[in-house]
Amino acid sequence: MAVTDLTACEIRKAIAERRLSAVEAAEGCLRAIGRLDPKIKAFLSTDPEGARRRAAEVDRRLAAGENVGLLAGIPVAVKDNMCTADGQPTTCASRILGGWRAPYDAHVVERLKAEGAVIVGKTNLDEFAMGSSTENSAYGATRNPWDLTRVPGGSSGGSAAAVAARLVPIALGSDTGGSIRQPAALCGVVGMKPTYGRVSRYGLVAFASSLDQIGPFGRTVADAALLLRATAGHDRRDSTSVREPVPDYLEGLEEPVRPLRIGVPREFFSAGIDPEVESVVREALAVYERLGAALVPIMLPHSTDYAIATYYIVATSEASSNLARYDGVHYGYRSSDHTDMIDMYMRSRAQGFGDEVKRRIMLGTYALSSGYYDAYYKKALEVRRLIRRDFEQAFAKVDCIMGPTSPTPAFRVGERTADPLAMYLSDVYTVSANLAAIAGISIPCGFTAGGLPVGLQIITDVFTEGRLLRIARMYERETGWTKRAPPIAEGAA
Amino acid sequence: MALSSKEVLKVGTLSRIRLTPEEVEKFSSQLSAILDYVDKLRELDTAGVEPLAHALPIHNVLRPDEPRPGLAPEQALGGAPQSEGDFFRVPRVLDEGASA
């Protein structure tokens, strides 16, 4: 079996038992990247020498009997909107940060290193995490490993594709409106957005500060649990990170949640859903029923269309503020044809930002501007509270909420780029969890007749990641979707 | 909610993003369509509903007022497009009466 067919947990065990070296694991991934990534384009940069060095260091320390950490020797990829200070740039897939070298590591990057992980590269994303297909990258689109004519989803499409194609076993992404869960669904892998505040955002380049969260991708629920455990926890450098203790998410993972009441919102099965997606997801819900769970019809009246409208006001408003720092002064791209300082701002930003980023900054600026603030931004925040209340009422009756992660399977490259609104509707089932700050996961639950992955989304209340993972594991144990590899990844690396 | 070209240009200026005439036209129709969509929030009665700006009930996270090391000047200036000594170098900001 090729090392790239092993899960992170299997690699961890093999390395700990000295059946596999960290260097072998890294080399296996680097070979797979060399062979497949020219077609998939999951990576914006790789650091083979750095990876080999770190892997050799892990092997040396293990041989000396040291405890190297939770992720000792496991190759990992990091979405390119998280700061890495050594070896590789941090570009956010934007020309405005082309070649930029971060002066510090993100908190999660520090955690990866402290736990002995081997970072092999930075993955592609929609520019500044704004998008649902990774087509908004200034450096080219990533392809879906299951069908190279289709998108991997976004904005964490590179990380999702890298894990799906078995280039790395685990990867970090970020989720502001669904940017981990949706690409996980489209690529047939596990992707999780923790509760807001569970994982420090220090060093995550900010898009929408009240919505952004970093989370894990893996091929299995256990791998996602492992990566979450390694990266979660309080960080005093992020004042929105919480002091909730981090449980060992792997311990007790095999224990089913009983009794299990599953809320099924009719809004998550409304018009616009692909009939094959609906059918596959309802079959997954039937598996839970066979396991003894009760399906409870619920209503989340504000969670779909109203949530998209709320999201595209709140997120864009926060983005207009966060992206004001890209002005050609302190870092990043500066135009060469300006006349004065204001003109420098105007031209640097015009030349450095892509269209979607410009659209969102302008939307947010408009929504916050004098005369429109009450009608748009304040109104959106009021609806946000209604969305939050929908979930509070639901969680009084059920333990979790389930539905499709995405209304459709992976769409073709170029299919939605002419209509921004059509692209925004890809997130119709995911944005409400960000607005309400709650945790959500997407797990593979089958395929369409055409061989495209379908994801089941499971949502639970704040700081219940352990229960969420156990609920996900219940289904994974009964089914074998995570074992199936995309044809492109079959065969030894 | 249809945005006029004039409004798009104004938003562009507020956003500090220079727009070509073609972009003004393109963004005008795209932004108008998006604003039409988000206008559906008007259907909801939110009288008496408190805005929810922050997801979690965390307030006033403070630390002791003790100096801690930050970025060294070389690190802070390391990505600067232009610098001079310990300063970021920028174009002259013109006297009053000039643009902006």
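In the predicted model described here, D175(A) stands opposite Q213(A) in strand 6 of chain A. Strands, like helices, are DSSP runs numbered from the N terminus, with at least two residues (E) for a strand and at least four (H or I) for a helix. Residues are numbered from 1 along each chain as its sequence is written, and chains are lettered from A and ligands numbered from 1 in the order in which they are written. Because the model is predicted, local features need pLDDT of at least 70 and side-chain atom pairs count only at pLDDT 80 or more, whereas totals for chains, interfaces and linings use all residues.

Strand 4 (residues 170-175) of chain A pairs with strand 6 (residues 213-218) of chain A in the antiparallel sense over six bridges; pairing requires that DSSP find at least two bridges between two strands. Strand 2 (residues 75-79) of chain A is joined to strand 4 of chain A by three bridges, and these two strands run parallel. Here A77(A) is found opposite A171(A) in strand 4 of chain A. Six of the six residues of strand 4 of chain A are buried, a residue being buried if 20 or more other C-beta atoms, placed from the backbone, lie within 10 Å of its own. In a regular strand the side chains alternate between the two faces of the sheet. Both faces of strand 4 of chain A are covered, with I170(A), L172(A) and S174(A) buried on one side and A171(A), G173(A) and D175(A) buried on the other.

In chain A, eleven strands form an open sheet of mixed pairing in the order 1-3-2-4-6-5-10-11-9-7-8. Its edges are strand 1 (43-46) and strand 8 (294-298) of chain A, each of which pairs on one side only. Neighbouring strands of this sheet are turned by 30° against each other on average, direction ignored. Strand 7 (residues 261-265) of chain A runs parallel to strand 8 of chain A and is joined to it by five bridges, with V264(A) opposite P297(A).

The model also contains a contact between chains. In it, 57 residues of chain A are in contact with 44 residues of chain B, contact meaning that the C-beta atoms of two residues, placed from the backbone, lie within 7 Å. Helix 12 of chain A gives the largest share of the side of chain A that touches chain B, ten residues.

Note on methods. Axes fitted to C-alpha atoms, helices over the stretch in contact; angles between N-to-C directions. Buried ≥ 20, exposed ≤ 12 C-beta atoms within 10 Å, placed from the backbone.
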